[in-house]
Amino acid sequence: MKRSHATGLLAVLLIGLVIGFLIEIAFAASGAPIVVPPVTLPLTLILLAAVVVSLAWRVRQGSRRKALRRIDPFWAMRVAVLSKATSLSASLLFGGSLGIVLYILTRSVVPAVTSLWLAIGTAIGAAVMLAAGLVAEHFCTLPPDDDTDTDEPGGTRA
């Protein structure tokens with residue numbers, strides 16, 4: 001598995017921004033209330049970020065050479081995939097919440113101020129979750145081998 005690159009995350013962020021903005025326009029045009037993130041969403045995103053980093057920290061501690069016990073490679077791979085999914089989904093949520101903020105700020109009649117702050121809070125929570133996903137991906141990478149001084153493919157010198 002390769003680590004996430006900035007171009008892929010930016011593409012997903014832009015897709016989320018466009019979708020968030022267009023959903024707000026569609027709801028407002030149909031007469032429905034606009035989407036306002038709940039108060040608990042930023043808190044939940046930050047809590048998920050902490051959980052993902054703590055799981056990845058266990059993988060990092062277990063992958064060191066001085067670890068007291070070996071880590072299950074299947075569990076480590078699950079955590080690595082979870083961290084990649086976290087960074088991608090957080091990028092999408094970050095873009096969507098920025099789309100909501102952009103929609104609110106571009107209106108001539110501004111909706112309630114609380115909806116703007118909730119959207120900004122969601123964007124901050126998604127940014128924290130994105131950073132946590134990237135840190136967790138870094139924690140799940142293997143350290144480089146120190147056995148690079150061998151000449152033969154078998155790993156032993158004659």
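Q: How much accessible surface does the chain have, and what share of it belongs to carbon and sulfur atoms?
A: This is a predicted model, so keep in mind that every value is computed from it. The accessible surface of the chain comes to about 10200 Å². Carbon and sulfur atoms hold 70% of that.

Q: How many residues are there, and what percentage count as buried?
A: The chain has 158 residues, and 30% of them count as buried. The cut-off is a relative accessible area under 20%.

Q: Which elements does the chain have, and in what order do they run?
A: You'll find four helices and zero strands. Reading from the N terminus, the order is α-α-α-α.

Q: What share of the contacts comes from residues 24 or more positions apart?
A: Here you look at contacts with a separation of 6 or more, and 78% of those in the chain are between residues 24 or more positions apart.

Q: How many aromatic pairs does the structure hold?
A: Rings count as a pair if their centres lie within 6.5 Å, and planes over 60 degrees apart make the pair edge-to-face. The structure holds two such aromatic pairs. One of them joins F21 and Y103, edge-to-face, with 6.0 Å centre to centre and 65° between the planes. F21 sits in helix 1 (residues 6-30) and Y103 in helix 3 (residues 73-105), so this pair links parts of the chain 82 residues apart. Both F21 and Y103 are buried.

Q: And what is the geometry of the pair formed by W57 and F139?
A: W57 and F139 are also edge-to-face, at 5.3 Å centre to centre and with 65° between the planes. W57 belongs to helix 2 (residues 40-63) and F139 to helix 4 (residues 113-139), so the pair ties together parts that are 82 residues apart in sequence.

Q: How do the axes of helix 2 and helix 4 lie to each other?
A: Look at the distance and the angle together. The two axes come within 8 Å and cross at roughly 10°. Angles under 35 degrees count as roughly parallel, so helix 2 is roughly parallel to helix 4.

Q: Which residues meet where helix 2 contacts helix 4?
A: On the helix 2 side they include L41, L45, V52, V53 and W57, and on the helix 4 side G121, V128, M129 and F139 are among them. By type, the residues of this contact divide into 16 nonpolar, four polar and one charged.

Q: Where does G121 lie, then?
A: G121 is in helix 4. Its relative accessible area is 21%, so G121 is partly exposed.

Q: Is A76 buried or exposed?
A: A76, which lies in helix 3, has a relative accessible area of 15%, so A76 is buried. A76 and V59 are 17 residues apart in sequence and 5.9 Å apart in space, C-alpha to C-alpha.

Q: What does A28 touch, leaving out residues up to four places away in sequence?
A: On that count, A28 touches I34 and Y103. A28 has its place in helix 1 and is partly exposed, with a relative accessible area of 34%.

Technical notes: Residues are numbered from 1 along each chain as its sequence is written. This is a predicted model: local features need pLDDT of at least 70, side-chain atom pairs count only at pLDDT 80 or more; totals for chains, interfaces and linings use all residues. Side-chain values use heavy atoms; hydrogens and water are left out. Helices (H or I, at least four residues) and strands (E, at least two) are DSSP runs, numbered from the N terminus. Buried means under 20% relative accessible area, exposed over 50%, partly exposed in between (1.4 Å probe, protein chains only). Contact means heavy atoms within 4.5 Å. Accessible areas come from the Shrake-Rupley method with a 1.4 Å probe; for residues, only the protein chains shown count as cover. Rings of Phe, Tyr and Trp (its six-membered ring) pair if their centres lie within 6.5 Å; planes under 30 degrees apart count as stacked, over 60 as edge-to-face and the rest as tilted. Axes are lines fitted to C-alpha atoms, for helices over the stretch in contact, and angles run from 0 to 180 degrees between N-to-C directions. Angles under 35 degrees count as roughly parallel, over 145 as roughly antiparallel, 65 to 115 as roughly perpendicular and the rest as oblique. Ala, Val, Leu, Ile, Met, Phe, Trp, Tyr, Cys and Pro count as nonpolar, Asp, Glu, Lys and Arg as charged, and the others, Gly among them, as polar.
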